[in-house]
Amino acid sequence: MKVLIVDNVHLVKDNNDNYYSSSVYSYVFFKRYLEVFDEVKIVGKTKLVGTVDLENYKRVSGPNIEIVPLPWYQGIKQMVRKMPELIRVFKHILNGCDCCIFRIAQVESFFTYVIGNMKTMPYAVEVVNDPETFTDMPFLYRKFSTLMVKKMCKHAVAASYVTKNFLQRKYPTKANFCTYYSSIELHKEDIGPRANMFDGKSEFKIVHVSNSINSDIKGHYTVIKAAERVINAGYKIIVDFIGDGTKVEEYQKYINDHSLGNKIHFIGKICGQKQLLKLISEYNLMVLPTKMEGLPRTIIEAMAVGLPCISTPIAGVPELLSADYLFAPDDDKAFADEIVHLLNNPDELKAMSKTNVKVAQEYTTDILTERRNKMYLFLRESCSFKKVCKNNED
């Protein structure tokens, strides 16, 4: 049985027709679907390159994975220009598939749902974010996305959400099977109180993680301005941003213009979760003033290594962190005040660390895999049942 997985996947293709991704969408990611389905078909925007930097990219091609390339585009304007090509692909995207799983909210899912003939195919939804938080998108696109997610959830055979309650209330389903799980891969051995606990004397180290830095949706300016306040108040702190993108140059200019270059740094992408967990455990605090989320893997990974975190009350974040550590995304003063408070209260940081490790234990791979597989099995059985009914009719 073959399942189509539709998400916002960015790929590069080498001269040997192998596909790679710089994000989480590696072969290992899609292999989870092969635990239940025989074959997996995926679609992704594809850029042709001669060779691939294997330090920063992970292979997507592999056994029983079919990849359908989309023309490469970035942003709505480029998407509109590529629309004829996109329509040609999505008209035939369901060919050879028995069912579909939409990871929403993503425009590729909307294309498939509208252009493909979904009336004859069972589908499930994995709701991984809240389109109402897409504040870097035009209002009409956010409105359209919200309506589409509501419609797709309503008519799905099965549904999962990354949150325990928040997205379920906002985007209800009539599906006969409903569950929740994150897409994070976190093993028991990854979890433990390994974060660098602040002693009240040394330089206080802050980290922010966002793989793609192409907008301010993850609150980089809030962190920079909050850090500026704390530094100007006489405290010794270091801030490191993990990730890379087109917006870094703009942030760097602000940092240099405000003489913060020796305190605030962009250290680039970290490829590989093990390396990332090891690195962030060397910090004293994660600050993530995010404006768009479902349930942030970044925070869960930080919690797993006992790293205290402060963030925003967006989507599923309140299911991870206490309200005492959540502030408005643009309120750099509130974030600065909390950083100073925690600097002066190392025992509170230790308590936060213990709590975070305990919460992270709810998101281990064994727990989430069991939930995922139950939903995938339900979808597979729904396909089998529909085939039997159709054969009987014939």
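Visitor: Is Arg-380 buried, partly exposed or exposed?

Guide: Arg-380 is partly exposed, with a relative accessible area of 24%. Keep in mind that this is a predicted model.

Visitor: Why does 24% count as partly exposed for Arg-380?

Guide: Because buried means under 20% and exposed means over 50%, with partly exposed in between. Arg-380 has 24%.

Visitor: What does the Arg-380 side chain meet in a salt bridge?

Guide: The side chain of Asp-38, at 3.4 Å from N to O. The pair links distant parts of the chain: Arg-380 is in helix α13, and Asp-38 is in the loop between α1 and β4, 342 residues apart. Asp-38 is partly exposed too, with a relative accessible area of 40%.

Visitor: How many salt bridges does the structure hold?

Guide: The structure holds 22.

Visitor: Give me another one. What does Glu-108 form a salt bridge with?

Guide: Lys-45, and the closest N and O atoms are 3.9 Å apart.

Visitor: Is Glu-108 buried or exposed? And Lys-45, buried or exposed?

Guide: Glu-108 counts as buried, at 1% relative accessibility. Lys-45 is buried as well, with a relative accessible area of 6%.

Visitor: And Glu-132, which side chain does that one meet?

Guide: Glu-132 meets Lys-170 in a salt bridge of 2.7 Å, N to O. Glu-132 lies in the loop between β8 and α5, while Lys-170 lies in helix α6, 38 residues apart. Salt bridges with shared partners also join Asp-7, Arg-103 and Glu-126 into one network.

Visitor: New topic. How many cavities of 30 Å³ or more does a search of the whole structure find?

Guide: The search finds 1. About 40 Å³ of space lies in the largest cavity.

Visitor: Which residues line the largest cavity?

Guide: Among them are Arg-103, Glu-126, Tyr-161 and Ser-182. β8 and β9 are the elements that give two or more residues to the lining. By kind, the lining residues are 5 nonpolar, 3 polar and 2 charged.

Visitor: Last one, the surface. Which residues form a nonpolar patch there?

Guide: Ile-76, Val-80 and Met-137, with about 220 Å² of accessible area together.

Visitor: Where is Met-137 found?

Guide: Met-137 is in the loop between β8 and α5. Met-137 is partly exposed, with a relative accessible area of 31%.

Note on methods
Residues numbered from 1 in each chain as written. Predicted model: local features only at pLDDT ≥ 70, side-chain atom pairs only at ≥ 80, totals over all residues. Heavy atoms only, no water. 1 Å grid on protein atoms, 1.4 Å probe; cavity = no way out; pocket = protein on both sides within 12 Å on 5 of 7 lines; lining within 4 Å. Points joined across faces, edges and corners; volume = space filled by probe spheres on them. Helix = DSSP H or I, 4+ residues; strand = E, 2+ residues; numbered from the N terminus. Nonpolar A, V, L, I, M, F, W, Y, C, P; charged D, E, K, R; others polar. Patch = residues over 30% accessible without salt bridge, like charges linked within 9 Å, V, L, I, M, F, W, Y side chains within 5 Å. Areas by Shrake-Rupley, 256 points an atom, 1.4 Å probe, with all protein chains shown as cover. Salt bridge = Lys/Arg side-chain N within 4 Å of Asp/Glu carboxyl O. Buried < 20%, exposed > 50% of the residue type's maximum accessible area, 1.4 Å probe, protein only.
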